[in-house]
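Trainee: I would like a close look at a single part of this model. Please take one loop and go through it slowly.

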Amino acid sequence: MNNVKEKLKKNEYRNWVKGTLGLERTNRALFEYVKAKFEVFTHRRAGPHAYFTEDVYSHIHLGTSCIRSNLKRKIKYDKTNDTWKWTNPCGKCKEAFKSILSMYTNASKKKMHLENCENTTKVTLEWAIARFFMPERNDTNKGPDDTDPAAMINLLLNCHLFTNQIRRNFLIELREARNKLFHSSDNLVNDNVLKVYFFNMKGLLTDASHDTEVDNSIREVIAKDIQTIEQLEEAEISMTLFDDALKIQRKAIYEEYETCLQENNIEQLKVLLKLAENIAADLQFMNDHSEELKNVKVYMTKIEHLQTKEEELNAESMIIIVIVTIGFALLLRMCLYFG
Ligand SMILES: [Zn+2]
């Protein structure tokens, strides 16, 4: 229990808190910017630069349009040409879909996660389109507030609207920083590494604040956010900030846990469980989060269940191997006998 107090005395631990909170704030600073960029390019305001014609826009901006629901039944992956194809009779949605595909950065076209776009009837048009570029498990993402740093970084990397303006290097570095911060088993970050993290966060936001395609008001807000992030870099770390950082890490781990569970990735699940236990222990000390321990127990049961299932499967395949071997042996004997 003294563990947490001891941890907070360490400079490297306070660095971890700063890095984690910095990343979360960088993510928040991008919310309005990302929304505005999609609005500019997908709505009428962009004039000749708009991705959709007036006609297409009027059709797809309604949640009831064809491209907003049952998408899986309307598109198909064409392996020969390595691209997605629209197979539904609606010409306007076909055109819209083609425009969305053209916004992908090359390598990511195959990474379209259909679940995310299967039903976008209840979100705004710009967010319906944003979901095409998000990583998996964003099928209920209702807007920027629902978007964690990992989803935001991937969205920006996958879409041409952003890679022109925001340097790719910053994004790639931040994606790595995010994984290191959230998957850290000791939550320690040294001074030099922290400096690099903040350099990339500020670089990314500075680039966004220079983007003349969005309104001045949005750019001014980002400029202020950069100042807040600079202050955080020098700030004293309070227990509240520490608690906030742990909650951010906790959320990320549980989300990944769900993904690994779907993929039956037992090894990764065990690693995540260990991290979740550490966080639970720290949070428990500070705020008596008994809920946290319940979560950990639920996940432990799920892992045990998966393991039993795997063992059963292994046993089944062993039986099959034995049967096949006996079969072969018999066949061989028969061949010898009749041969
Ligand atoms: Zn349509």
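Trainee: Does Arg137 count as buried, partly exposed or exposed, and how many C-beta neighbours does Arg137 have inside 10 Å?

Mentor: Arg137 counts as partly exposed because it has 17 C-beta neighbours inside 10 Å. The cut-offs are these: a residue is buried if 20 or more other C-beta atoms lie within 10 Å of its own, exposed if 12 or fewer, and partly exposed in between, with C-beta atoms placed from the backbone. The model is predicted, so local features need pLDDT of at least 70 and side-chain atom pairs count only at pLDDT 80 or more, while totals for chains, interfaces and linings use all residues. Residues are numbered from 1 along each chain as its sequence is written.

Arg137 lies in the loop between helix 6 (125-130) and helix 7 (149-158). Helices here are DSSP runs of H or I with at least four residues, numbered from the N terminus. The phi of Arg137 is positive, near 70 degrees, and Arg137 is a residue other than glycine.

Pro135 is also placed in the loop between helix 6 and helix 7. Pro135 counts as partly exposed because 18 C-beta neighbours lie inside 10 Å. Leaving aside residues up to four places away in sequence, Pro135 touches His113, Ala150, Ala151 and Asn154; contact requires C-beta atoms, placed from the backbone, to lie within 7 Å. Pro135 and Asn158 are 23 residues apart along the chain, and their C-alpha atoms are separated by 9.4 Å.

How values were computed:
Helices (H or I, at least four residues) and strands (E, at least two) are DSSP runs, numbered from the N terminus. Two residues are in contact if their C-beta atoms, placed from the backbone, lie within 7 Å.
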